Amino acid sequence: MKYRHAFHAGNFADVMKHVALTAVLQRLTEKERPLFVLDTHAGRALYEIGGASEAGRGIHRLASATPAAASPAIARYLEIVRSFNAGSAAIETYPGSPLIAATLLRAQDRAAYCELAPAEADALRHEFRRDARIGVHCRDGFEALRALLPPSEKRGLALIDPPYEEQEQDLAQVADALVAAASRWPQGVLMAWYPIKQGVVAARLHRRLLDAGVQRLLVAELCIHPDDSRAGLNGSGLVTINPPWQFDRDLRQAMPWLHGLLAEGGAGRTRVALLAEE
Ligand SMILES: C[S@@+](CC[C@H](N)C(=O)[O-])C[C@H]1O[C@@H](n2cnc3c(N)ncnc32)[C@H](O)[C@@H]1O
């Protein structure tokens, strides 16, 4: 494993993914009943991004905009990021998915965070050492999906966010993991991130899920370059099985605004589509 998320923390893909994570947890916490959150590829939780170039076209650009009116999810996400930079106007510390989720979870909720790289898992464990709601596991996230679902809470979210070092192989593994998790936990909200790059056929992920009989599939994509550009990462994609009520509306509100802010000269596109409905 060569991947280190610290190089990418706070980039446009993180902003897109973490706005969606904020929105989905805002929706899920509208009901009092307890939730379980499983983050299968959690990373180290907190990143120092002072001079990081990728954040320049991500959280740093968002921080100098005024998103309050843009969407409640974007405003809440920025408030959470700012809370880890208290006393400083500049964003130098960036919270990853485990901290964003932990901020939104309530006393009655529970989470399991998995990370395979020992140094990252140690940092994660240290971060949550005083939070009794959170269990940190240094283990394979795909194996944890099989072992930890369905949770006793019945309600909740699994976030699958692997590094995609082997792109096509990882897309297939994510599709298989989602299908298996959906059959084991039919009520669970299952969300997976995927890259949009030249030569990576993300549509195959959607096709595999639909062919496997997934009933409610929400696709959200934010591209800041044309799909076939050689720029590297052209776009950020998320599939959500069992999206909560009005989560699609939240994304339809947030994604065009983020695109206007993060894409140069209007390049790229956004897409929010419900591919299959009950
Ligand atoms: C894209 S990063 C996660 C970012 C994080 N979810 C966030 O949004 O802040 C992927 C992480 O998965 C870890 N990883 C790689 N293979 C793994 C596996 N099989 N199981 C669990 N974690 C893994 C990497 O070390 C890396 O920290």
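Let's start with Asn234, which sits in the loop between strand S8 (217–223) and strand S9 (235–241). Helices here are DSSP runs of H or I with at least four residues, strands are runs of E with at least two, and both are numbered from the N terminus. This is a predicted model, in which local features need pLDDT of at least 70 and side-chain atom pairs count only at pLDDT 80 or more, while totals for chains, interfaces and linings use all residues. Residues are numbered from 1 along each chain as its sequence is written, and side-chain values use heavy atoms, with hydrogens and water left out.

Is Asn234 buried or exposed? It is buried, with a relative accessible area of 0%; buried means under 20%, exposed over 50%, and partly exposed in between, using a 1.4 Å probe and protein chains only. The Asn234 side chain reaches the backbone oxygen of Asp227 at 2.9 Å. That is a polar contact, meaning a pair of N or O atoms within 3.5 Å; within protein, one must be able to donate a hydrogen and the other to accept it, and residues adjacent in sequence count only if both atoms are side-chain atoms. Setting aside residues up to four places away in sequence, Asn234 also touches a list of residues that includes Phe12, Ile196, Leu222, His225 and Ser229, where contact means heavy atoms within 4.5 Å.

## Around the ligand

Which residues come nearest to the ligand? Of the 19 residues around it, these are His18, His41, Glu115, Asp140 and Asp161, with "near" meaning that a heavy atom of the residue lies within 4 Å of the molecule.

A nitrogen atom of the ligand is 2.7 Å from an N or O atom in the Asp140 side chain, and a backbone N or O atom of Gly141 lies 2.8 Å from a nitrogen atom of the ligand. On the Lys17 side chain, an N or O atom is 3.1 Å from an oxygen atom of the ligand.

Cys114 belongs to strand S4 (residues 110–114) and is buried, at 0% relative accessible area. Leaving out neighbours within four places in sequence, its contacts include Asp39, His41, Ala42, Arg139 and Gly141.

Ser97 is in helix H4 and counts as buried at 4% relative accessible area. Its side chain makes a 2.7 Å polar contact with the side chain of Asp39. Not counting residues up to four places away in sequence, Ser97 touches His18, Leu21, Asp39, Ala42 and Leu159.

## Pockets

Rolling a probe the size of a water molecule over the atoms shows where empty space is left. A pocket here is an open set of points on a 1 Å grid over the protein atoms alone, where a 1.4 Å probe fits, with protein on both sides within 12 Å along at least five of seven lines; lining residues have an atom within 4 Å of a point. The largest pocket holds about 940 Å³ of space, a volume being the space filled by probe spheres set on the points, which are joined across faces, edges and corners. It is lined by 47 residues, and Tyr3, His5, His8, Pro162 and Pro163 are the closest to its centre. Helix H1 (12–28) gives the largest share of that lining, five residues. By class, the lining has 19 nonpolar, 15 polar and 13 charged residues. Ala, Val, Leu, Ile, Met, Phe, Trp, Tyr, Cys and Pro count as nonpolar, Asp, Glu, Lys and Arg as charged, and the others, Gly among them, as polar.

The second largest pocket comes in at about 440 Å³. Of its 19 lining residues, Leu28, Asn242, Pro243, Pro244 and Trp245 are closest to its centre. Seven of the lining residues are nonpolar, four are polar and eight are charged.

Leu149 and Pro150 are joined by a cis peptide bond, with omega about 0 degrees; Pro150 is in the loop between H6 and strand S6 (156–160). Tyr164 has a positive phi, near 55 degrees, though it isn't glycine. It is in the loop between S6 and H7 and is buried at 3% relative accessibility. Gln246, another residue other than glycine, has a positive phi near 70 degrees and lies in the loop between S9 and H9.

In helix H9 (residues 247–262) you'll find Arg249, which is partly exposed at 47% relative accessible area.
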